[in-house]
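Here is a short report on one protein model. It goes from the overall fold to single residues.

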Amino acid sequence: QQDPETGASRAEAVLRQMEYISKNGNTFVAPTSSSYLICMNGWSFSRDREKIKHCLKLLGRFKELYSNGSIAEPPTTMMYNAVLKTCSLCPRSHKKEAVDTALSLFEELMQSKDCRPDH
C-alpha cells in the first residue's frame, strides 16, 4: 500500500502540471476547485508535519488564481473545511499552529462574500 504522504505530493505534482499546461493555452486540463480539494484532502491524511502549510499554500494559490481571473469559481466552503480538517489531524507538536490557523480561517470565512462556515 502506498504511503499517503507520497500520494499527496504526487497529486500536487499533477496539479502543478495541470496549472502549467492550462497557463500555456490548453484550458482543457485547467484545474478546478475539485482538483485543489483532492490535493488538500491528500495532505490532510499525510504524515507530513508541514501538512497545514501545504494546504494553506494550495488554498492561497487557488485564491490568487481566482482573484486574477484565471479560475472563474471562488474558493468553496469545502476547500476551507479541508484545511480545517488538516488542522484537526495535525501532530501534537503543531497544535498551536493548527488552532491559530483554524481561528484565522474561520474569521476569513465569516467575512467572505463567496462562502460561509457550515459546521
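The sections below cover basis, fold, surface, helices and selected residues.

## Basis of the model

This is a predicted model, in which local features need pLDDT of at least 70, side-chain atom pairs count only at pLDDT 80 or more, and totals for chains, interfaces and linings use all residues. Residues are numbered from 1 along each chain as its sequence is written, and side-chain values use heavy atoms, with hydrogens and water left out.

## Overall fold

The protein has 5 helices and 0 strands. Helices (H or I, at least four residues) and strands (E, at least two) are DSSP runs, numbered from the N terminus. Along the sequence the pattern reads α-α-α-α-α. The radius of gyration is 14 Å, close to the 14 Å that the globule rule gives for 119 residues, so the protein is as compact as a globular protein of that length. That radius is taken over C-alpha atoms, and the globule rule is 2.2 Å times the number of residues to the power 0.38.

Along the principal axes, the C-alpha atoms fill a box of roughly 45 × 40 × 20 Å. Contact means heavy atoms within 4.5 Å. Among contacts between residues at least 6 apart in sequence, 61% join residues at least 24 apart.

## Burial, surface and charge

Of the 119 residues, 35% count as buried. Buried means under 20% relative accessible area, exposed over 50%, and partly exposed in between (1.4 Å probe, protein chains only). The accessible surface comes to about 7,300 Å². Carbon and sulfur atoms account for 56% of that surface. Accessible areas come from the Shrake-Rupley method with a 1.4 Å probe; for residues, only the protein chains shown count as cover.

The protein carries 16 positive and 14 negative charges, and their mean positions are 3 Å apart. Lys and Arg count as positive and Asp and Glu as negative; His and the chain ends are not counted. Each charge is placed at NZ of Lys, CZ of Arg, CG of Asp or CD of Glu.

Helix H4 covers residues 77–88. At 1.5 Å a residue, its 12 residues should span 16 Å, and its end C-alpha atoms are 16 Å apart, which agrees. The expected span is 1.5 Å times one less than the number of residues. Buried residues of H4 are Thr 77, Met 79, Tyr 80, Asn 81, Ala 82, Val 83, Thr 86 and Cys 87. Their cover includes helix H2 (33–44), helix H3 (51–67) and helix H5 (95–111).

Buried in H2 are Ser 33, Ser 35, Tyr 36, Leu 37, Cys 39, Met 40, Trp 43 and Ser 44.

## Buried residues and their partners

What does Cys 55 touch, not counting residues up to four places away in sequence? The partners are Met 40, Trp 43, Val 83 and Thr 86. Cys 55 sits in helix H3. Its relative accessible area is 0%, so it is buried. The C-alpha atoms of Cys 55 and Lys 23, 32 residues apart along the chain, are separated by 22 Å.

Thr 101 lies in helix H5. At 10% relative accessibility, it counts as buried. Leaving out residues up to four places away in sequence, Thr 101 touches Ile 52, Leu 56, Val 83 and Cys 87. Val 83 is also a partner of Cys 55.

His 94 lies in the loop between H4 and H5. It is buried, with a relative accessible area of 15%. Beyond its neighbours within four places in sequence, His 94 contacts Arg 49 and Glu 50. The C-alpha atoms of His 94 and Glu 50 are separated by 8.7 Å, at 44 residues apart along the chain.

Asn 26 is in the loop between helix H1 (4–23) and H2. With a relative accessible area of 36%, Asn 26 is partly exposed. Its C-alpha atom and that of Asn 68, 42 residues apart along the chain, are separated by 18 Å.

Arg 116 is in the segment after H5. It counts as partly exposed, at 47% relative accessibility. Arg 116 touches Thr 77, Leu 109, Met 110 and Gln 111, not counting residues up to four places away in sequence. The C-alpha atoms of Arg 116 and Tyr 80, 36 residues apart along the chain, are separated by 9.4 Å.
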